[in-house]
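I opened this notebook to record what I looked up, entry by entry, and to keep my terms with their cut-offs beside each reading.

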Amino acid sequence: MADRWARLPYYFPHLVGAAILVWIWFAPAGIAGLDETIYFAGADALRKTGSFAVENGASQFNHDALRLYVMVFGPNGLVPQYPVGSALAGAPMLALFGLRGMMLVNALAAVATLFVTRALARQLFKDDRVANVAPLLLAVGTFFPEFAFAVWPHAVSILCVTAGLLLALRAFEVDRPDADRQALLAGLVIGIGLLFRMDTLLLLPGLGAIALFYAPRPVRSMLLVGLGMVPALVISSFANQQKFGSWNPITYGKDGGFTALSTHVGPAIFVIVAGLALLGWRHLGFPHPGRKISAIAAAVLGIALLVFTPTRDIVIRYLEGFWGLTVDARTIEDGRSGIFSPDPSVKFFWGHSKQAIAQSAPWIGCLFLLVGLKTTPEQRKSLLIIAIVALSWSFPLFLLSWHGGGGNNMRYLAPLLPLLAILACWLIAGLMERVERPYFTMGWGVVLGALALALHFSLGEWGAAGARQDLTLIVFMIVCLACVVSALLSRWYQQVHAFALAAIGAGLMASYFSTITSISHDQTDRWVNLTMSKNFSDLPQGSIVMGGIGLMMDFAFKPGHILVLPSEDPQVDDEAFVREAFAKGYRVYTFPWVLATDDELSAFSVSETSYRWSDGYMLELSPAHRAGQPLE
């Protein structure tokens, strides 16, 4: 019996994966947000017409509001700006299972990620305990599972990044007979990820640095990784030619934004200089510096960058982005109307109490156990690999302070979650060896964390939102402090290890709370949008709806039905668009929150309709304006 229980952790990925594949058939197949609407629109257009062009009134009107912020007017019509992977994979799945089919793609990717995470943990630390538990921490202690039941392809991106890293590390091994094949496969997987999300490319600088450090033939290995990406780049080039009239495989079809080269000139220069420095270091045969020398060199470099005026602003921007995305999301500065802070303890992002990484996973404070930790050369290699990937991935995101818009969490940092889970499990496993009754001690921490959450709910003003952003940050700080004390004072006071392990237990409880509330909020949004969208399915032909993007899936992207969002650009005339719509015989509908934020619509008469949404009724605009007219 004891042997059976000892083997239980091996089956954690199987059990969690089975739960995901069961729940996907019961999860609400609704849309949650603007981006998912556009991913659906692209797959739906390809399924219906064999084209990437979306039916949304582009043949009748030429107005910015038709773009829904993230579509582009291409040579063949209105097209999504996003890569074509979701459309190519989603079109047949839509035909078979409806919108749930697009979610099923992510569910399968999430299950595969659990097993790839286990393999990556073995590759890095050669420890079955870490390898078996890391997928469980990923599944219940991070926001990763939220993407398993979603339309936007973050789960696919996480899988491709994790699998690409695993294959690349195998390719970089010394005397591995199939190293070339592993490098080609790594490039193929990264290329597939590129077809779903452009940010997959952020893995490449990190792989290049790792190759320069450890691969026996770094240039050959990276060239083979690039060669493996060629099929995906060719597909992307041909698709973008159809969509945007451009052969560029990594474009969104417009100037500016995250994919614009001009946005990344600074980071690109930094990566090139760092790469050349590493290459020179390796070929000149300098020995690897010790930990103290490395720390001193990093401190000197940091001070120099702060003193040197041209780089000072970059360093400050990076630190501000790091703090907002990693520690406290409430410090993010974004002037858009959907982001507001009614109280210092909370900040809402289009209705979401968005969390930074530390707020969603307070156990991450256990990384402070690395302070002064004695490690073997192989362990130091693994730690450096994780650091390189994390730094190279996050560098442009921190510089831009890009939080990803709507959503509960820092979704652009989600591909780092498997690595963080692996590293945390390795550190916690080492800490547990120093505590006499580790499971009992951690259990007490879990109980204390649960009590803290209960007290915050009963006494706090903002309920779950306050707990997600305020209490979780406090728990993170306690975990950090406990782990620093454990690392620095352990040779004199062994009890500090137990204190740190209990604090991590509280952090795990807070993380589980964040995971559950993220999934619950996301699933509730989907259920509400799915239910409410049926109320608008019988809007008449020749109708235009302004706003309510998630509520309109049974209406949108059909002939005679046009969905628009009021432009955020003050130079764009929404009033002129509505008048043109009236002149062409269209009826125009909207919602109260749109009227409250778009002054141009005050030029029209407003009446209440019989089409109901969760908090009221849809409104209809009329050409005549009567000053001070109440709702009819």
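In which helix is Q182 found? I find Q182 in helix 8, residues 179-196, where helices (H or I, at least four residues) and strands (E, at least two) are DSSP runs numbered from the N terminus.

Before going on, I note that this is a predicted model, in which local features need pLDDT of at least 70 and side-chain atom pairs count only at pLDDT 80 or more, while totals for chains, interfaces and linings use all residues. Residues are numbered from 1 along each chain as its sequence is written, and side-chain values use heavy atoms, with hydrogens and water left out.

**Entry on the whole chain.** I count 21 helices and 9 strands in the chain, and of its 632 residues 54% are buried. Taking contacts between residues at least 6 apart in sequence, I note that 73% join residues at least 24 apart. The chain exposes about 28,000 Å², and carbon and sulfur atoms supply 66% of that area, by the Shrake-Rupley method with a 1.4 Å probe, where for residues only the protein chains shown count as cover.

In what order do the 5 strands of the open sheet run? I read the order as 6-5-7-9-8, with mixed pairing; two strands pair if DSSP finds at least two bridges between them. Strand 6 (561-564) and strand 8 (605-613) each have a single partner strand, so at these edges one side of each is left without a neighbour in the sheet. Strand 5 (residues 543-546) pairs with strand 7 (residues 587-590) in the parallel sense over 4 bridges, and I looked up I544, whose bridge partner in strand 7 is V588.

**Entry on F97.** I place F97 in helix 4 and record it as partly exposed, with a relative accessible area of 39%. F97 also belongs, with V22, W23, W25, F26 and L96, to a nonpolar surface patch of about 670 Å². Helix 2 (12-23) and helix 4 (85-97) each supply at least two residues of this patch. Patches are made of residues with over 30% relative accessible area and no salt bridge, like charges being joined within 9 Å and nonpolar side chains (Val, Leu, Ile, Met, Phe, Trp, Tyr) within 5 Å; a salt bridge is a side-chain nitrogen of Lys or Arg within 4 Å of a carboxyl oxygen of Asp or Glu.

Note on methods. Buried < 20%, exposed > 50% of the residue type's maximum accessible area, 1.4 Å probe, protein only. Contact = heavy atoms within 4.5 Å.
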